[in-house]
Amino acid sequence: MAKNKIHWYDYSKTIGGIVASGFVVLTSSFFIGHTIEEANAVENSKEYHETATLINNEVFKEAYDAYNKYIELIAQAIKNSDMNNSSMEVFVAYKNMEENGWISLGDEFNYGTSDFEPIGNMGISVVLGEGVCRNQAFNLFKVFDSLGYESGVLYGHVYSDVPSDENPHAVTFVRDGKKVFLYDPTNKTVFLRDVWGHFVSIDDENIKFNPSMYIDNQFNYLEDNLPVHLYFGEDYGSKITYDTRRNRAQQKVDELGDYYAIYEAVYLKHYEEQIAAEKDQYDAIVEQILSTKGEEAVQVKIY
């Protein structure tokens, strides 16, 4: 694709501009009650998440705003590069950006469990350069949603050959026209529905995804904040046809490496850095609360 088809925009006007370095979380103090009985009643890991939940809404407004702008900018990059003609093109463009670290701080994304998942914003883990399937699926969903697609996060199990080999997994579903696609940013594949109701990878027909509405305890505290739906596609189509479409999209996006790298440096990096700074604040606040759990109440000041 000729690079002269790419158009640059002045985002300093369209989305409020690049804010000055440093930030103010809140201008006043707030209090979190944390009783001795509560502290003794839960394990440390669960206590950590419960404590984090208490502070999320107030502390992370700035992080949420930064994340929303970050998503809007990724969506705009895909539009600018003429990769929004179908959900398949969006997926290939996004996959290319993630693989090369162009949507992650430090220009590198590593698969691994994240310790930063603010309520309803699991994709923030991808911003910081790490995460597992649920983080990747959520971040891709937000990009699709920003581009106007009917999309969401779908939990289930992926398996090879027989269902007994299944492992918990999360993917992104998209309804594109009359068809439902399951895009898997973790395994970099696309699942299409077969005549038996299974979703089959276009890369290996032995790899299948079994959607499920079951959400285990790991996700219970997020279920009210995620658009989790169970959709079955109306048409399986041809794996060869969709694989060809994907390959054509890959040929287009291969020419966009320099563009996406520059785009991140100009537009995304500030928001990545802001979210990283807020993550440090998050850790400090939670540790402060947990370190004083023997007190009747803990006063946490945020300036």
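**Notebook: cores and strand pairing**

I started with the largest nonpolar core of this predicted model: it has 58 residues, and Tyr-70, Ile-78, Tyr-183 and Tyr-260 touch the most other members. By nonpolar core I mean buried Ala, Val, Leu, Ile, Met, Phe, Trp, Tyr and Cys residues joined through side-chain atoms within 4.5 Å; buried is under 20% relative accessible area with a 1.4 Å probe, protein chains only. Helix 4 (residues 61-80) gives the most to this core, 11 residues. Apart from this core I found another, of 9 residues, including Phe-173, Val-180, Leu-182 and Phe-191.

Housekeeping: I number residues from 1 along each chain as its sequence is written. Local features need pLDDT of at least 70, side-chain atom pairs count only at pLDDT 80 or more, totals for chains, interfaces and linings use all residues, and side-chain values use heavy atoms, without hydrogens and water.

Next I looked up Tyr-70. Leaving aside residues up to four places away in sequence, Tyr-70 touches Ile-103, Val-126, Val-127, Asn-139, Leu-268, Tyr-271 and Glu-272 (contact: heavy atoms within 4.5 Å).

Then the strands. I count 9 helices and 10 strands in the protein, taken as DSSP runs numbered from the N terminus (helices H or I, at least four residues; strands E, at least two). Strands pair if DSSP finds at least two bridges between them. Strand 4 (residues 150-160) runs antiparallel to strand 9 (residues 207-211), with 5 bridges; Ser-160 stands opposite Ile-207 there. Strand 8 (residues 199-201) is also antiparallel to strand 9, through 2 bridges, and Val-200 faces Lys-208. Strands 8 and 9 make a hairpin with 5 residues between them.

Last, the whole chain: buried residues are 50% of the 303.
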